[in-house]
Amino acid sequence: MSRVRSADSQLRRGLRVLEELAARPRTAAELARELGVNRSTALRLLHELEDAGYVVRDSDTKRYSAIVERLYALVASHDDHWDWVELIAPTLASLRDEFAEAVVHAVPANGSMVYMAFFPSLHPIAVRERVGTVRPMHCSGLGKAYLSALDQRSLDVELGRLSYEGGTVRAAKGPIELRQRVADARERGYAVDREETFDGVVCVAAPTAVGGALVGAAGVSGPASRLSEERVEEIAARLVERLGTLDRGV
């Protein structure tokens with residue numbers, strides 16, 4: 001019986017570690033204080049989770065972070081989730097074929113956007129990504145598009161929890177700057193990442209909703225040399241039009 005209780009305690013602690021790291025990166029000492037255990041116990045839990053592929057340690061800061069795409073895979077295996085992923089996929093594929101650029105669908109997860117579907121560009125020189133890729137919400141077109149569809153209260157919560165780390169010098173540096181960019185995206189109906197995540201890469205994105213529920217955002221991404229202002233507007237109009245049919249069941 002004592003062994004069962006001990007295993008249960010370890011499992012609970014392991015889950016607590018994942019919950020804490022999903023909020024923000026932490027050192028072993030910080031986690032030990034949060035869990036009310038000694039540092040050696042916290043380190044043992046972290047090493048086990050690291051070996052299992054659920055957390056990773058930054059050698060410079062000594063902080064551990066949850067591997068978001070690994071955690072999201074647990075949720076993404078649910079049948080209901082894949083129902084709407086499959087609903088969106090034909091629209092994404094048709095957009096890729098029409099514009100020959102990479103098309104992606106992403107969902108929110110702890111201040112980031114996680115790629116759940118990716119259709120590669122037809123060009124030899126193109127943006128190359130994969131399902132499971134994680135991008136900061138504050139600088140990606142996908143993130144700004146998703147944020148633009150939130151109600152004011154939910155937006156305030158999201159803006160307050162973002163770290164604003166990552167991206168290029170063009171990325172929003174804090175909630176005030178990001179709030180204005182989100183407001184612009186809401187007014188237009190789509191968001192643009194003009195070299196905010198990576199130099200030389202542009203992404204135009206719009207929120208996705210299925211059955212009246214916001215599920216994420218979809219976007220078209222490619223080299224800045226091919227995505228001029230005029231091309232972005234052309235893609236945006238088509239993107240908004242096609243994604244709008246999803247919620248009407250067309």
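Axes are lines fitted to C-alpha atoms, for helices over the stretch in contact, and angles run from 0 to 180 degrees between N-to-C directions. With that in mind, helix α2 (residues 28–35) and helix α3 (residues 39–51) pack at an angle of about 110°, and their axes are 8 Å apart. The structure described here is a predicted model.

**Helices α2 and α3**

- Angles of 65 to 115 degrees count as roughly perpendicular, and the angle of this pair therefore makes α2 roughly perpendicular to α3.
- On the α2 side, the contact is formed by Ala28, Ala29, Leu31, Ala32 and Leu35, which meet Arg39, Ala42, Leu43, Leu45 and Leu46 of α3.
- Sorted by class, the contact of α2 with α3 contains nine nonpolar residues, no polar residues and one charged residue.

**Helices α6 and α8**

- Helix α6 (residues 141–148) packs with helix α8 (residues 175–188) at an angle of about 75°, with the two axes 8 Å apart.
- Because of this angle, α6 is roughly perpendicular to α8.
- Lys144, Leu147 and Ser148 belong to α6 and meet Leu178, Arg181, Val182, Ala185 and Arg186 in α8.
- The residues of the contact of α6 with α8 comprise four nonpolar, one polar and three charged.

- Six strands form an open sheet in the order β5-β4-β3-β8-β7-β6, and their pairing is antiparallel.
- Strands β5 (134–136) and β6 (191–194) are the edge strands, each of which pairs on one side only.
- From one strand to the next, the twist averages 35°.
- Helix α9 (residues 229–244) packs on the sheet and touches β6, β7 (201–210) and β8 (213–223); the direction of α9 makes about 15° with that of β7.

**Strand pairs within the sheet**

- Strand β3 (residues 102–109) and strand β4 (residues 112–119) run antiparallel and are joined by seven bridges.
- Ala106 stands opposite Tyr115, a residue of β4.
- Strands β6 and β7 also run antiparallel, with four bridges joining them.
- Asp193 is placed opposite Cys203 in β7.
- The hairpin of β6 and β7 has six residues between the strands, and in this hairpin Glu195 takes a positive phi near 60°.

**Aromatic rings**

- Zero aromatic pairs are found in a search of the whole structure.
- Tyr190 has Arg188 lying over the face of its ring, at 5.0 Å from the ring centre.

Note on methods: Residues numbered from 1 in each chain as written. Predicted model: local features only at pLDDT ≥ 70, side-chain atom pairs only at ≥ 80, totals over all residues. Heavy atoms only, no water. Helix = DSSP H or I, 4+ residues; strand = E, 2+ residues; numbered from the N terminus. Parallel < 35°, antiparallel > 145°, perpendicular 65-115°, else oblique. Contact = heavy atoms within 4.5 Å. Nonpolar A, V, L, I, M, F, W, Y, C, P; charged D, E, K, R; others polar. Phe/Tyr/Trp six-rings, centres within 6.5 Å; stacked < 30°, edge-to-face > 60°. Lys NZ or Arg CZ within 6 Å of the ring centre and 35° of its normal. Pairing = 2+ DSSP bridges.
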